[in-house]
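Colleague: I would like to go through this model one feature at a time. Please give the general idea first and then the case here.

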Amino acid sequence: MNGIVTNMSKDVYIHEGFQYILDRMSADNITKYYRCRRRDLNCKGRIHVRNGVVLVKRIHGGHDESPVDVEMASTISRIKRRAADTMEAPAVAIN
């Protein structure tokens, strides 16, 4: 996994420049169902992942992929994780 988590501590999956939030697990706990992170745009994008392989992909509507957003989310998650794990000052955690 890429180490990105949401504010609600849900895993984020990156695929083809899009960010997906873990929605639920299958009954057999093998397949993970993800939805597009851009629900604010009413995006219906979804993927199903089993053992790291994307099985089903639903088309996104209203927005393009954004590698910049992926990098920003990764950096923010890393800073938050470092701040939680250490007793460093915020300025040190950011740098």
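Colleague: In which strand is V56 found?

Modeller: V56 is found in strand β5. Helices (H or I, at least four residues) and strands (E, at least two) are DSSP runs, numbered from the N terminus. This is a predicted model, in which local features need pLDDT of at least 70, side-chain atom pairs count only at pLDDT 80 or more, and totals for chains, interfaces and linings use all residues. Residues are numbered from 1 along each chain as its sequence is written, and side-chain values use heavy atoms, with hydrogens and water left out.

Colleague: How many helices and strands does the chain have, and how do they run from the N terminus on?

Modeller: The chain has 2 helices and 5 strands. From the N terminus on, the order is β-β-β-β-β-α-α.

Colleague: Back to V56: is V56 buried, partly exposed or exposed?

Modeller: Buried means under 20% relative accessible area, exposed means over 50%, and partly exposed is in between (1.4 Å probe, protein chains only). V56 has a relative accessible area of 40%, so V56 is partly exposed. Over the chain, buried residues make up 27% of the 95 residues.

Colleague: Which residues does V56 touch?

Modeller: Contact means heavy atoms within 4.5 Å. Not counting residues up to four places away in sequence, V56 touches R46, I47 and H48. V56 and R46 are 10 residues apart in sequence and 7.8 Å apart in space, C-alpha to C-alpha. For the chain, residues 24 or more positions apart account for 30% of the contacts with a separation of 6 or more.

Colleague: Which residues make the nonpolar surface patch?

Modeller: Patches are made of residues with over 30% relative accessible area and no salt bridge; like charges are joined within 9 Å, and nonpolar side chains (Val, Leu, Ile, Met, Phe, Trp, Tyr) within 5 Å. Here V53, L55 and V56 make a nonpolar patch of about 250 Å². L55 is found in strand β5, residues 53–58, and counts as partly exposed because its relative accessibility is 47%. Accessible areas come from the Shrake-Rupley method with a 1.4 Å probe, and for residues only the protein chains shown count as cover. The accessible surface of the chain comes to about 6500 Å², of which 53% belongs to carbon and sulfur atoms.

Colleague: Which residues form the positive surface patch?

Modeller: Lys and Arg count as positive and Asp and Glu as negative, while His and the chain ends are not counted. The place of a charge is taken as NZ of Lys, CZ of Arg, CG of Asp or CD of Glu. The positive patch is formed by K10, R39, K44 and R58. K10 is found in the segment before β1 (12–15). K10 counts as partly exposed because its relative accessibility is 37%. K10 and D23 are 13 residues apart in sequence and 8.5 Å apart in space, C-alpha to C-alpha.

Colleague: Which side chains meet in a salt bridge?

Modeller: A salt bridge is a side-chain nitrogen of Lys or Arg within 4 Å of a carboxyl oxygen of Asp or Glu. The structure holds 1 salt bridge. The side chains of R46 and D23 meet in it at 3.0 Å, N to O. The pair links distant parts of the chain, with R46 in strand β4 (residues 46–50) and D23 in strand β2, 23 residues apart. R46 has a relative accessible area of 28%, so R46 is partly exposed. D23 is also partly exposed, with a relative accessible area of 31%.

Colleague: Where is H15, and is H15 buried or exposed?

Modeller: H15 is found in strand β1. H15 counts as buried because its relative accessibility is 18%. Leaving aside neighbours within four places in sequence, H15 is in contact with Y20, I47, V54 and K57.

Colleague: What is the phi of N29?

Modeller: Most residues other than glycine have a negative phi. N29 has a positive phi of about 60° although N29 is not a glycine. N29 lies in the loop between β2 (18–25) and β3 (31–36). At 56% relative accessibility, N29 counts as exposed.
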